[in-house]
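Got your viewer open and the chains coloured separately? Let's take a walk through this one, stop by stop.

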Amino acid sequence: MATYQLNVNGQRKQVNVDPSTPLLWVLREELKMTGTKYGCGISACGACTVHLDGVATRSCVVPVSLVSDRSIVTIEGIGADPVGRAVQDAWVDKDVVQCGYCQSGQIMSAVALLQATPRPSDTNIEESMGGNLCRCATYVRIREAIKSASQQLK
Amino acid sequence: MLSNSRFFIRTLLVILVSTATWIALTASAAIEVREYKKSDADANRGDGLAAWQKVYSVLISPRCINCHTATNYPQQGDDRHRHFANVIRGPGGKGVPGLNCISCHQSANADSTGVPGGRNWHLAPLSMRWQDANDRPLSSAAVCRAVTDVSKNGGLNGTALIKHHEEEPLVLWAWNPGLRPDGSMRTLPPLSHAEFVAATRTWVEAGTPCPPPNRTAR
């Protein structure tokens, strides 16, 4: 066991966990932040996506020992960012969600895309969102919502 | 008078024979030196080519060539299959926003989750592709030409190539590739790192010779 000081959504959080524990489980089990979802556990589905220093990151495969002092932003905190707010509003406006299980990861990846590429093409969207799977197949509405958020951010 | 003439002729003959012998011996020695130098250079090139083949055997091992693709994606595993999760190259070889290499690959191996890592994890540029578009490794001659072309290899001369093979973190990673998700160790390249660097040094000191292209070279 080891003690880590984490920066989560702008707040300092102390946890005492095994260094090999994936960040996902530190968030969900230690900090009780259950907005970030467990999907596959092997970084294949994107449900566990959070931001580490602004980079969309699969928290299920990142041991807490490798997080260091990087800023962690989760679905609970992304609304504080203007792009994050616009994406969440667009998600509601376009009624993207069906079962909703994958959607926190979808939103985190969409925000990372728009932060780097404010006017994404269909190809940009397909490439950047290609690692986020949705068993309800809400892909068309996800694309519409990303374009809508892009328009709102003009 | 006659005696003086004989003496003169004998002396002249001795001088002529001596001079001819000296010329013959000198010429012979020169030829020997030239032949020795020629065979020395051949041996040096031969050693260099043999060393290159050792270097090549490492470069086309999965730990190296999986990220030297000619395609829009990296590979993974000893069978060099396409990287899962729709990972693509991206404009700088580091993936795309939302799906970067560092979305999963951290600065070190994550043995508890089986994800390999190293500082600045990324794909080699297309100018340093060591495969064809069908994911088949290029020939020894073709890879050698790519590695020695400073317009393609990031401006690395021979000395810099030795340093690259000796110190570059992602090169070193190949000999410390971490555990697979099932907990087993990833396969290592066919040479030790020390042997790889020594072979690179021998090849560079021989002038980085490359095998001649052949008909099947891609």
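Predicted model: local features only at pLDDT ≥ 70, side-chain atom pairs only at ≥ 80, totals over all residues.

Val140(A) belongs to helix α5 of chain A.

Where they meet, domain 1 of chain A puts in 14 residues and domain 2 of chain A puts in 11. On the domain 1 side, β3 and β4 of chain A each supply at least two residues, and β3(A) gives the most, with three. That side of domain 1 is made up of six nonpolar, seven polar and one charged residues.

**The sheet of chain A**

Switch to cartoon view. In what order do the strands of the open sheet run? Follow β2-β1-β5-β3-β4 in chain A: five strands, with mixed pairing. The edges are β2 (11-17) and β4 of chain A, each of which pairs on one side only. Ignoring direction, neighbouring strands here are turned against each other by 40 degrees on average.

Walk across the sheet one pair at a time:

- β1(A) and β2(A) run antiparallel, joined by seven bridges. Select Ala2(A) and you'll find its bridge partner in β2(A), Val17(A). The two strands make a hairpin with two residues between them, and Asn9(A) in the turn has a positive phi of about 50 degrees.
- β1(A) and β5(A) pair in the parallel sense, over two bridges. Asn7(A) has Ser71(A) in β5(A) as its bridge partner.
- β3(A) and β5(A) go antiparallel, again over two bridges. Pick His51(A) to see Val73(A) of β5(A) opposite.

Zoom to the loop between β4 and β5 of chain A, where you'll find Ser68(A). Ser68(A) is not a glycine, but its phi is positive, about 60 degrees. Is this residue buried, exposed or partly exposed? It's partly exposed, with 13 other C-beta atoms within 10 Å.

Ala85(B) sits in the loop between β2 (81-82) and β3 of chain B. Ala85(B) isn't a glycine either, and has a positive phi of about 70 degrees. With 19 other C-beta atoms within 10 Å, Ala85(B) is partly exposed.

**Into the core**

In soluble globular proteins, nonpolar side chains tend to be buried together. To see that here, show the largest nonpolar core, which has 46 residues. The members that touch the most others are Val67(A), Val87(A), Ile107(A), Met108(A), Ala110(A), Val111(A) and Ile146(A). Several elements of chain A give two or more residues to this core, among them β1 (2-8), α1 (23-30), α2 (82-93) and α5 (139-152). Which element provides the largest share? That's α3(A), with seven residues. Both domain 1 and domain 2 of chain A contribute, so the core lies between them.

Centre on Ala110(A) for a closer look. Beyond its neighbours within four places in sequence, Ala110(A) is in contact with Val87(A), Met129(A) and Ile146(A). Then jump to a second, separate core of 19 residues, which includes Ala51(B), Ile60(B), Ile65(B) and Ala206(B).

**Last stop: where the chains meet**

Show both chains together. Here 23 residues of chain A are in contact with 21 residues of chain B. On the chain A side, β4 (55-58), α3 and α4 each supply at least two residues. By class, that side has 13 nonpolar, eight polar and two charged residues.

Finish on helix α4(A). Select its buried residues, Ile125(A), Glu127(A), Ser128(A) and Met129(A). They pack against α3 and α5 of chain A together with β3 (95-96) and β4 (99-100) of chain B.

Note on methods. Residues numbered from 1 in each chain as written. Chains lettered and ligands numbered in written order. Core = buried A, V, L, I, M, F, W, Y, C linked by C-beta atoms within 7 Å. Buried ≥ 20, exposed ≤ 12 C-beta atoms within 10 Å, placed from the backbone. Helix = DSSP H or I, 4+ residues; strand = E, 2+ residues; numbered from the N terminus. Domains from an automatic or database assignment. Contact = placed C-beta atoms within 7 Å. Nonpolar A, V, L, I, M, F, W, Y, C, P; charged D, E, K, R; others polar. Pairing = 2+ DSSP bridges. Axes fitted to C-alpha atoms, helices over the stretch in contact; angles between N-to-C directions.
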